[in-house]
Structures are given as C-alpha cells and as structure tokens.
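Hello,

Here is the structure I promised to pass on to you. Have a look at it first, and my notes follow below.

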Amino acid sequence: MSAVPRSEKPAGRFRRMIDRLSSSQEDLESEELREDTETAGCTRIGDCRDRQVVTVTGTLRTVTLRPRAGVPALEAELFDGSAALDVVWLGRRSIVGIEPGRKLIASGRISMSRGRRVLFNPKYELRPLGRE
C-alpha cells in the first residue's frame, strides 16, 4: 500500500472520469463554483472572517424580501461551493437581475449575524447568463 493517501495522489484522466460519474449533481456544481472562485481571484466564502473586507463570487440560491427594523430589505443567499453567505440590500424591494440562479461578484465588509456571514449593501457585478 502506498504511503500517499488516494486524495493526494495526482489524478489521471480515467480516475477523474470515474470520480465525476460517481459524484452527485450537487457535488459537481459545488466543485464548478469553487473553480469559478479561483479563476475570478475572489476569496472563498468559507475562508471569510468577521469584519474582513472581501470580494466573493457565487450563485444566488434564494432571494427574499424581508423587512429589517421596519425598512424593506432584499436578502439573497450567495453560495460558492465552500459555504454560503447572506447578501442584504437595505431599503430595496427588488433589484433587476437579482434572482435565484444568477451568478454575481460582490464586494464589501463581512459581518456575523446569528452565526451566519452577512454582506450588507455590497458593491456587486452581475455575471453573464449561460456559459462564459
């Protein structure tokens, strides 16, 4: 038996094909999102710390209108394959293009709210629909 664990060995084409065929659709999408994060030069959401200024990218899973302290707030969950974070636009009921399944890049300061990472009123850039 080899001293190097299987996950650390360089994977050949056949091994990658077998891994891909045996992975769930969710695992494949998560892996693709992690690769997108690397190519865009963004910080992985799983690596973000409280009060850190970051640029993150991912896919919006959910978009909801939820008032905060009597003010409308558009909330979206951004997922990048490593973790999720809540993106909140205060004072907004809707934003054109912000919808589930849309990819975006967001920049701002991370805060923690009830144990979840939150990005309030970020600068954002919508990614093109479909394959780039």
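Let me begin with Ile110: leaving aside neighbours within four places in sequence, Ile110 is in contact (heavy atoms within 4.5 Å) with Cys48, Arg49, Asp50, Arg51, Gln52, Val54, Leu85, Arg117, Val118 and Leu119. Please keep in mind that this is a predicted model, where local features need pLDDT of at least 70, side-chain atom pairs count only at pLDDT 80 or more, and totals for chains, interfaces and linings use all residues. Residues are numbered from 1 along each chain as its sequence is written, and side-chain values use heavy atoms, with hydrogens and water left out.

Ile110 sits in strand S4 (strands are DSSP runs of E, at least two residues, numbered from the N terminus). Ile110 has a relative accessible area of 0%, so it counts as buried (under 20% relative accessible area, with a 1.4 Å probe and protein chains only).

Strand S4 (residues 103-113) runs antiparallel to strand S1 (residues 53-65), joined by 7 bridges; two strands pair if DSSP finds at least two bridges between them. Gly58 has Leu104 as its bridge partner in S4. S1 also pairs with strand S2 (residues 73-79), again antiparallel, over 6 bridges, and there Val63 stands opposite Ala76.

Thr57 belongs to S1 and is buried, because its relative accessibility is 3%. A polar atom of the Thr57 side chain lies 3.0 Å from the backbone oxygen of Leu104.

Best wishes

Methods
Helices (H or I, at least four residues) and strands (E, at least two) are DSSP runs, numbered from the N terminus. Buried means under 20% relative accessible area, exposed over 50%, partly exposed in between (1.4 Å probe, protein chains only). A polar contact is a pair of N or O atoms within 3.5 Å; within protein, one must be able to donate a hydrogen and the other to accept it, and residues adjacent in sequence count only if both atoms are side-chain atoms.
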